[in-house]
Amino acid sequence: NPGSSGAGMEAAVAPGRDAPAPAASQPSGCGKHNSPERKVYMDYNATTPLEPEVIQAMTEAMWEAWGNPSSPYSAGRKAKDIINAARESLAKMIGGKPQDIIFTSGGTESNNLVIHSVVKHFHANQTSKGHTGGHHSPVKGAKPHFITSSVEHDSIRLPLEHLVEEQVAAATFVPVSKVSGQAEVDDILTAVRPTTRLVTIMLANNETGIVMPVPEISQRIKALNQERVAAGLPPILVHTDAAQALGKQRVDVEDLGVDFLTIVGHKFYGPRIGALYIRGLGEFTPLYPMLFGGGQERNFRPGTENTPMIAGLGKAAELVTQNCEAYEAHMRDVRDYLEERLEAEFGQKRIHLNSQFPGTQRLPNTCNFSIRGPRLQGHVVLAQCRVLIASVGAACHSDHGDQPSPVLLSYGVPFDVARNALRLSVGRSTTRAEVDLVVQDLKQAVAQLEDQA
C-alpha cells in the first residue's frame, strides 16, 4: 500500500508552525534506491499522518479514559464524556447535529452500512402495509434500485455489484461526463425508477479531485420526492462519501442537502476510524444495523466504543473546523505551483493534466498528470524516483501494475496517457521547496528511463 508509511515520514503540522525537519526519515517503498536523500511524501489522498494534537488526545484517552464507556465509575464516565465531545466536534465540522452521528470503523463500513440499510428498509416497507402508499407500492419480488457513478470508491461499487450479482438489488452506474468530469444531474434523474431508493455520489473523486454536483443532485431529488410521495411512492434518499473532501474544503450537510454522509478519519490527519452522518436518524432517515450486540451507538453500531480512536477523530475534526480555510489555501497554492513547475520543466505538450475540466471545481490538493512517452508508465517512473513517494492512483488499486486506472478511462483520458498517470496529492505541510525537489526527481527518472531505451 503506497499510502501506508505516512506517519513516520513527514512532520504533520499545519502551514506556519515549526516543523521538525523530516529529512532524516527514510520511509520504504519508493524505488530501489538507498540514497541518503530526503523523501517527499505526496500521497495524502491515500492517507495522512496524525497531527501531533491528535496523537496527544489519543494518548491521554489511553491513560485516563481506559474504562468501559458504559460503566458508572470514573474511568468509564471519562470515556463517555470524550465520546460525546468527539461526536459534537464531528457534527460541528459538517454543520450537523451530534445525535445524527454514528461512529464506525471507517469509510468502508459507513458506505456498506448505508447500502445494506437501504436494502433492509425496502424489504421492511414491502411487508408493512400502508407505508408505500398502497396502489403504487412495488410489485412482489421487486428489488431496490440504486443509482451511483462510474467512478465511485470500491466500498460503494463492490457492495452494489455484489448485491446485483446476488439478485438482491438493481443498480445503475451513471458514466461521468467527458466534458465536465462530473456525474451529470440530468443523467442521474433520467436513471430514476419507481423502485429507486438511494442515490450515492461521492463528494470528490479520490484520483482526480473532481468535485461532484451533490447539492444540485439533492435539490432535484427533493423536488422529485414531492411528486413521488403524491404518487404513492416512497422518497429517494441521497448519500455522499465525503472521504476525500473533508479537511480540504468546507463541507456542510445543510448546503449538500444529503441524508447520509461518510466521514473517514485518516484522510484528515485523524486515526483510522470513521463515522456516518444520518439526517434525523431514526426519525426522518432510516438506519438498520449490520451488527447486533451490546446496544452501543443506540443499537445502530454496537460494540464497546474505541475511545482513544474516537478521541483522536474528535480532535482531528476540531482542527478542520478551526483551520479549514488556511489548509485549503495552502494546499491550492502548493498544488498550483506543482502544476506550473511540471509544465515549465517538461513542456505543456509533454504534460497532460488529467483532471482539469473547464468550469469544474476540484480539490485544492490533487494533481493527476501524465508525462507523455512510450516507456513512461506511471509505476515505472515511480520506481525510478529517489525522492518522491506517491502512487499511480487509488491506494487500493496499487497492484494493477501496467493497467491504466479505470477511473481515468471513464473520464475520457486516452489509454496511453492514462497508463502514464501519476497522482500527486499534497498536504498541509508540503512546501514549494519540496515541489522543486519532486519535479527535479521526476526529471532524473524520465531521463534515466529514456537513456535506457
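These legends describe close-up views of a predicted model. In this predicted model, local features need pLDDT of at least 70 and side-chain atom pairs count only at pLDDT 80 or more, while totals for chains, interfaces and linings use all residues. Numbering starts from 1 along each chain as its sequence is written, and side-chain values use heavy atoms, with hydrogens and water left out.

**View 1. The protein chain as a whole.** The protein chain has 12 helices and 12 strands. Helices (H or I, at least four residues) and strands (E, at least two) are DSSP runs, numbered from the N terminus. Of the 453 residues, 57% are buried. Buried means under 20% relative accessible area, exposed over 50% (1.4 Å probe, protein chains only). Among contacts with a separation of 6 or more, 74% join residues 24 or more positions apart. A contact is a pair with heavy atoms within 4.5 Å.

**View 2. The largest pocket.** Its volume is about 600 Å³. Of the 28 lining residues, Asn-225, Pro-235, Ile-236, Leu-237 and Asp-259 are the closest to the centre of the pocket. A pocket is an open set of points on a 1 Å grid over the protein atoms alone, with protein on both sides within 12 Å along at least five of seven lines; lining residues have an atom within 4 Å of a point. A volume is the space filled by probe spheres set on the points, which are joined across faces, edges and corners. α3 (107–127), α6 (214–230), β6 (237–241) and α7 (253–256) each give at least two lining residues. α6 supplies the largest share, six residues. By class, the lining has 12 nonpolar, nine polar and seven charged residues. Ala, Val, Leu, Ile, Met, Phe, Trp, Tyr, Cys and Pro count as nonpolar; Asp, Glu, Lys and Arg as charged; the others, Gly among them, as polar.

View 3. α6 has 17 residues and spans 24 Å from its first C-alpha to its last, close to the 24 Å expected at 1.5 Å a residue. The expected span is 1.5 Å times one less than the number of residues. Val-214, Ile-217, Ser-218, Ile-221, Leu-224, Asn-225 and Arg-228 are buried in α6. They cover an arc of only 135° around the axis, so they sit on the same side of α6. The arc is taken from the directions from the helix axis to the C-beta atoms. On the other side, Gln-219, Lys-222, Gln-226, Glu-227 and Ala-230 are exposed. The buried residues of α6 pack against α5 (185–190), β5 (196–200), β6 and α7. Gly-232 follows α6, with a positive phi near 85°.

**View 4. His-121 in helix α3.** His-121 belongs to α3. This residue is buried, at 18% relative accessible area. Neighbours within four places in sequence aside, His-121 contacts Pro-286 and Tyr-288.

**View 5. Helix α2 and its cover.** α2 (residues 74–94) has 21 residues and reaches 31 Å from first C-alpha to last, close to the 30 Å expected. Its buried residues include Ile-82, Ile-83, Arg-87 and Leu-90. Their cover includes α1 (52–64), β2 (101–104), α7, β7 (260–264), β8 (274–278) and α8 (307–346). Just after α2, Gly-95 has a positive phi of about 70°.

**View 6. The largest cavity.** A cavity is a set of grid points where a 1.4 Å probe fits but cannot get out. The count is one cavity of 30 Å³ or more. The largest cavity has a volume of about 50 Å³. Its lining includes Tyr-44, Lys-248, Phe-268 and Arg-428. Six nonpolar, three polar and three charged residues make up this lining.
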